[in-house]
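Trainee: Please take me through one part of this model closely. I would like to hear about the charged side chains and how they pair.

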Amino acid sequence: MSSASDPNASDCSEVLHRVYEYLDGEMTSDDTAKIKQHLDACGPCLKEYDLDQALKALVKRSCACEEAPVELRTQIMARITTIQVRLTD
Ligand SMILES: [Zn+2]
C-alpha cells in the first residue's frame with residue numbers, strides 16, 4: 001500500500017473519530033503515536049483537533065466540580081461552529 005496516491009485520505013475520518021479517545025488518553029501508545037503522527041502531517045485534521053482540544057479545555061476549566069451548564073456548552077459549540085465556518089471559507 002506504499003504507492004497509494006493519498007495515504008492520508010482514509011486515515012482522516014479515523015483520526016477525527018478517535019480524537020476524543022486521543023485527548024482522553026484512552027488509546028494504546030501505538031495508536032497515540034499514529035494519531036499524533038497524522039496530526040503533525042495533516043493540516044485539516046490538526047485544525048479539528050485544535051478545536052476539540054479548545055472545547056475540552058474550556059469545558060474542563062468551567063466545570064471543575066459540576067457538569068458544564070447546557071447554556072455554556074451551547075455557547076462554546078456555537079463559537080466553534082463559527083470558527084469552522086471561517087476556516088473552511
Ligand atoms: Zn487528516
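Mentor: Glu21 is partly exposed at 29% relative accessibility, where partly exposed covers the range between buried (under 20% relative accessible area) and exposed (over 50%), with a 1.4 Å probe and protein chains only. This is a predicted model, in which local features need pLDDT of at least 70, side-chain atom pairs count only at pLDDT 80 or more, and totals for chains, interfaces and linings use all residues. Residues are numbered from 1 along each chain as its sequence is written, and side-chain values use heavy atoms, leaving out hydrogens and water.

Glu21 makes a salt bridge with Arg18, their closest N and O atoms lying 3.5 Å apart; the term requires a side-chain nitrogen of Lys or Arg within 4 Å of a carboxyl oxygen of Asp or Glu. Both residues sit in helix 1, three residues apart, about one turn of the helix. Helices here are DSSP runs (H or I, at least four residues), numbered from the N terminus.

Arg18 also forms a salt bridge with Asp31, with 3.1 Å between the closest N and O atoms. Because Arg18 lies in helix 1 and Asp31 in helix 2, this pair ties together parts 13 residues apart in sequence. Asp31 is partly exposed, at a relative accessible area of 23%.

Lys34 and Glu14 meet in another salt bridge (3.6 Å, N to O). Lys34 belongs to helix 2 (residues 29-41) and Glu14 to helix 1, so the pair ties together parts 20 residues apart in sequence. Lys34 is partly exposed at 42%, and Glu14 is partly exposed at 28%.

Glu14, Arg18, Glu21, Asp31 and Lys34 are linked in a network of salt bridges.

Notes: Helices (H or I, at least four residues) and strands (E, at least two) are DSSP runs, numbered from the N terminus.
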